[in-house]
Amino acid sequence: ASYGEALSRRMRLIESVGELFENIDVLISPPAPGPAPARLDSAGDPGFCTLWTLLGLPAIVVPCAMAANGMPLGLQVIGPAQSDQAVLSIAHWMEAVIGAAVERAIADAPRTKVSGPDGTS
């Protein structure tokens with residue numbers, strides 16, 4: 001019964017999210033509360049992505065800067081349902097606009113040693 005109620009609530013959310021995109025093309029948000037972790041056993045905190053996944057909305061992360069720890073920071077581009085091509089086009093444009101700055105930041109960033117879950121590189 002609780003699973004059925006959860007599915008019903010999800011459908012209501014999906015139906016209502018369309019209003020969010022009535023006057024905008026995409027949402028831009030951070031994909032995570034901080035930079036990527038310097039470990040190979042985790043991709044980081046998915047909290048900022050979970051809602052869009054639950055709602056079935058297309059989302060992609062565009063690298064935009066380097067954090068002080070040398071790991072990347074990004075911006076998440078989220079679009080309305082079935083707008084995959086538009087989201088990809090906007091992300092491609094963003095990457096072209098900020099890409100050169102990111103490449104410079106990567107080249108200038110201090111190297112962070114990335115290690116696996118057992119501590120090996």
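This is a predicted model: local features need pLDDT of at least 70, side-chain atom pairs count only at pLDDT 80 or more; totals for chains, interfaces and linings use all residues.
Residues are numbered from 1 along each chain as its sequence is written, and side-chain values use heavy atoms, with hydrogens and water left out.

Trainee: In what order do the elements of the chain run from the N terminus on?

Mentor: Helices (H or I, at least four residues) and strands (E, at least two) are DSSP runs, numbered from the N terminus. The chain has 3 helices and 3 strands. From the N terminus on, their order is α-β-α-β-β-α.

Trainee: How many bridges join E2 to E3?

Mentor: Two strands pair if DSSP finds at least two bridges between them. E1 and E3 run antiparallel with 3 bridges, and Leu27 stands opposite Ile78 in E3. E2 and E3 also run antiparallel, with Ala65 opposite Leu73 in E3. The number of bridges that join E2 to E3 is 7.

Trainee: Which residue takes a positive phi in the hairpin of E2 and E3?

Mentor: This hairpin has 5 residues between the strands. The phi in question is near 85 degrees, and the residue is Gly70.

Trainee: Is Ser29 buried or exposed?

Mentor: Ser29 lies in strand E1, residues 27-29. Buried means under 20% relative accessible area, exposed over 50%, and partly exposed in between (1.4 Å probe, protein chains only). Ser29 has a relative accessible area of 18%, so Ser29 is buried.

Trainee: Which residues does Ser29 touch, not counting those up to four places away in sequence?

Mentor: Contact means heavy atoms within 4.5 Å. With residues up to four places away in sequence left out, Ser29 touches Trp52, Leu75, Gln76 and Ile78.

Trainee: Which strand gives the most to the lining of the largest pocket?

Mentor: On a 1 Å grid over the protein atoms alone, a pocket is an open set of points where a 1.4 Å probe fits, with protein on both sides within 12 Å along at least five of seven lines; lining residues have an atom within 4 Å of a point. Of the 16 lining residues, the closest to the centre of the largest pocket are Pro31, Ala32, Gly34, Ala36 and Val61. Strand E2 (59-66) and strand E3 (72-78) are the elements that give two or more residues to this lining. The strand that gives the most, with 3 residues, is E3.
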